[in-house]
Amino acid sequence: MYPAIMLALLVLLVTALYRGIRLVTVTALVAAAFAATWLVGPLGPAGALAGALVLVPLAVLLNVPALRRRVLTAPLFRAFRAVLPAMSDTEREALEAGDTWWEAELFRGRPDWPQLLDTPYTRLTDEEQRFLDEDTDALCAMLDEWQIHFEDKDLPPEVWAFIRERGFFGMLIRKEHGGLGFSAQAQSMVVSKIATRSVTAAVTVMVPNSLGPGELLQHYGTAEQQAYWLPRLARGEETPCFGLTGPEVGSDAGAIPDTGVVCRRTVNGESVLGIELTFDKRYITLAPVATVIGLAFRLLDPDGLLGDGTTTDYGITCALVPGDADGLEIGRRHYPGGAFMNGPLRGRNVFVPVDAIIGGPAMAGAGWRMLVECLSAGRGISLPALATATGKGLYGATGAYTAIRRQFNVPIGRFEGVQEAMGRIGGLTYTLEASRTLTATALDRCSPGVITALLKYHSTEMMRQVVTDAMDIHGGRGVIMGPRNYLAIPWQQLPVAITVEGANIMTRSLMIFGQGAIRCHPYVYPEMEATRDNDLERFDRLFWAHAGYTINRGVRAWGLALTGARLAQTPVSGPLKGYYRDVERLSAALSFCSDVAMSTLGGSLKLRESTSARLGDMLSQLYLATAVLKYYETYGRDSDDHLPHARWALDHALSRAGEALDAFCRNYPKPLVGRLLAWVVLPFGQPWKRPADALNGQIADLMMRPNAVSEVLRGHIYVGDRATDPTGQLLETFEQLQRVGPAYERFLKAVSRGRINGADLDAQLVDAVREEIIGTVDADAIRAYDALRREAIHTDDFDAEYVRDPLAFRRDGVEASARHAV
């Protein structure tokens with residue numbers, strides 16, 4: 001009887017901890033239960049008294065706030081203050097910027113699935129859809145990326161005019177200020193479609209709609225600034241750029257050496273209070289053609305001319321500088337491997353009035369917070385749109401090419417080595433579209449800083465993998481530059497996406513977990529604030545709630561690990577239900593490991609970049625996995641073609657999360673703690689495996705024929721004229737192959753077996769008809785297809801003079817159609 005009571009008590013304790021009952025309540029219950037058990041058990045009253053002498057004082061100590069604070073919390077409070085890492089103003093502002101959304105649920109170990117699944121995706125309005133279908137397609141039809149990239153190194157004048165006149169620069173500016181007022185979803189889809197035609201044009205459009213004067217003015221500008229600048233920006237009368245990065249400062253924006261000194265100058269006979277700017281910026285997109293510059297600098301007021309005269313260093317400030325300002329050096333270009341406008345900005349003693357500060361003098365020193373709060377557009381809209389466009393374009397092009405291109409008389413997409421790369425292209429593209437769609441929806445609801453940082457990093461890394469795999473598959477077809485090559489220009493420009501808006505190494509190592517752990521955790525940041533405010537009472541409430549939370553997450557992680565996540569929730573039925581359980585298990589493990597890391601490493605965790613990066617990887621992969629789950633539930637549940645893509649994406653994300661968890665435990669700076677963590681979260685090892693070869697084969701087979709996923713993706717890209725455009729020609733050839741496929745296979749097999757004679761294709765087709773292997777109609781179709789096939793697999797070659805100087809060659813009167821020959 002007594003062992004049964006003890007076992008029931010243990011089950012009660014674990015259940016209470018698993019379900020998250022407060023630690024102090026659990027302690028009181030356990031004290032009472034043990035006292036009762038001893039009273040009726042074999043130890044009798046003496047045992048009950050012994051138990052009471054131990055457990056009852058502990059329960060009293062934990063449940064009487066004043067006593068607990070004095071005896072337990074006060075020493076902990078002093079220790080916490082001693083190890084609390086110093087935080088710069090820029091770090092603090094970065095942490096406080098933006099909102100949290102679904103990522104907080106994943107970080108806290110117990111996702112609220114209805115919050116995700118019941119959130120509808122942002123749908124395009126009729127106006128947005130028309131702009132995407134008509135204006136965006138019209139722009140794409142004007143673009144010749146080879147001419148832009150190789151010959152002109154710039155967009156044609158008529159394209160610049162079209163972009164300005166049709167409002168492409170004003171998508172984020174609200175309608176009351178003359179802009180289009182588009183949703184984040186619409187902006188993302190417009191940029192994505194343009195990018196499938198021209199990276200140069202996409203970058204040109206996305207920068208004014210990303211971090212820059214327009215967004216900053218819309219959020220923080222004075223009424224006068226908004227009334228003057230926003231309509232001009234929306235109409236394209238002004239071309240904006242934003243100067244932040246310099247030779248001595250990149251990721252450490254708080255160390256900006258550029259200065260603005262408050263002073264007085266006589267302008268047109270009047271004394272004007274203003275700022276004298278000295279700066280040296282580089283890597284500034286649109287700088288060579290900008291007419292107005294948003295500039296970040298450190299504002300100094302040595303003579304106390306602003307405010308009450310007590311502040312001499314206001315810190316980072318943002319202001320507007322006219323492109324024709326005296327002392328400004330503008331117009332030179334960098335060449336980052338692409339034709340989009342990018343260059344340095346330099347200024348010495350450039351004078352602007354204090355009213356040029358974005359938001360007016362009242363916003364002096366608020367520049368860093370403004371910038372961090374507005375980073376979401378570049379990180380969450382523009383770069384993921386660019387990455388997704390690359391995936392979509394190469395999904396279709398690679399699928400078509402591997403069906404058309406044959407080696408050893410077999411389509412190259414039938415080789416397992418090629419299928420492995422195709423599986424990655426298909427699965428990662430599915431992940432890119434799912435995460436892009438979900439994140440754009442989030443941005444239409446709030447400003448989720450953690451999500452946008454993780455998506456910037458992972459979307460550009462997925463793009464890097466997709467382009468690399470496509471290049472491996474295409475071989476020389478992807479290397480030889482020319483109008484036919486749809487792959488080489490994205491390959492050349494990959495480094496730009498990897499380095500802008502926070503270099504990927506820094507984003508992964510410092511930002512995702514560093515910001516996510518503090519912003520998403522229900523207790524950490526409030527505890528830090530209570531400590532800084534020297535508020536022992538608030539710290540006491542938070543700390544003990546946090547202790548119970550940590551124990552609960554540890555018990556949940558252990559219980560889910562022991563049972564293979566069978567205790568976890570799954571909100572759906574069907575083939576993907578097990579993935580929901582795995583996400584919940586990994587979420588609990590992430591929550592517990594994060595708490596242990598923060599408590600055992602303290603402020604040094606900030607310097608343990610590999611450790612924090614692995615926790616960030618877990619959070620990121622869980623977000624990507626849940627984006628795929630929602631996308632499948634919304635668009636793919638009734639389609640057999642979606643399921644292999646979704647399974648591949650989920651297996652990839654969860655295996656990466658599991659590998660990060662395993663590496664976190666194995667490389668933990670305190671080895672004993674690492675082994676204990678592994679015993680809790682991975683008692684049987686890392687169970688999630690990378691996508692199987694069979695899944696790669698299924699995706700490759702789907703990519704080599706029209707399927708439901710390719711139809712969805714193709715609706716989001718621009719396909720040019722089939723007579724002249726290389727992607728249009730490739731897809732025309734692919735579609736023709738679907739029509740002649742069975743007859744073509746019979747013909748090729750007969751040729752390989754020696755049943756057909758002939759020195760060339762025409763002779764072989766004649767013999768095949770004579771031998772009744774195929775009919776006359778089939779022979780004509782195969783002949784037409786083969787002409788298309790040869791055109792699709794060829795590469796360009798040029799006149800040597802054209803390669804040396806394409807503009808001079810064109811000036812000599814050679815027609816564009818003669819500039820290259822097959």
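Buried means under 20% relative accessible area, exposed means over 50%, and partly exposed lies in between, with a 1.4 Å probe and protein chains only. This is a predicted model, in which local features need pLDDT of at least 70 and side-chain atom pairs count only at pLDDT 80 or more, while totals for chains, interfaces and linings use all residues. Residues are numbered from 1 along each chain as its sequence is written, and side-chain values use heavy atoms, with hydrogens and water left out.

View A. Glutamate 461 is partly exposed at 22% relative accessibility, and arginine 464 is partly exposed at 35%. The two form a salt bridge (a side-chain nitrogen of Lys or Arg within 4 Å of a carboxyl oxygen of Asp or Glu), with their closest N and O atoms 2.6 Å apart. Both belong to helix H18 (residues 449-474), where they are separated by about one helical turn because they are three residues apart. Helices here are DSSP runs of H or I with at least four residues, numbered from the N terminus.

View B. Aspartate 135 and arginine 166 meet through their side chains in a salt bridge of 2.9 Å, N to O. Aspartate 135 lies in helix H8 (residues 126-141) and arginine 166 in the loop between helix H10 (157-165) and helix H11 (184-195), so the pair ties together parts that are 31 residues apart in sequence. Aspartate 135 is buried at 6% relative accessible area, whereas arginine 166 is partly exposed at 38%.

**View C. Arginine 232 and glutamate 238.** These side chains form a salt bridge with the closest N and O atoms 2.8 Å apart. Arginine 232 is partly exposed at 23% relative accessibility, and glutamate 238 is buried at 8%. In the whole structure, a search finds 40 salt bridges.

**View D. The enclosed helix H12.** Eight of the eight residues of helix H12 (residues 199-206) are buried, so the helix is largely enclosed by the rest of the structure. Among them are Val199, Thr204 and Met206. At the start of H12, a side-chain oxygen of serine 198 comes to within 3.4 Å of the backbone nitrogen of threonine 200.

**View E. Surroundings of isoleucine 194.** Leaving aside residues up to four places away in sequence, isoleucine 194 touches Thr136, Leu139, Cys140, Leu143, Phe168, Ala201, Ala202 and Val205. Contact means heavy atoms within 4.5 Å.

Notes: Helices (H or I, at least four residues) and strands (E, at least two) are DSSP runs, numbered from the N terminus. A polar contact is a pair of N or O atoms within 3.5 Å; within protein, one must be able to donate a hydrogen and the other to accept it, and residues adjacent in sequence count only if both atoms are side-chain atoms.
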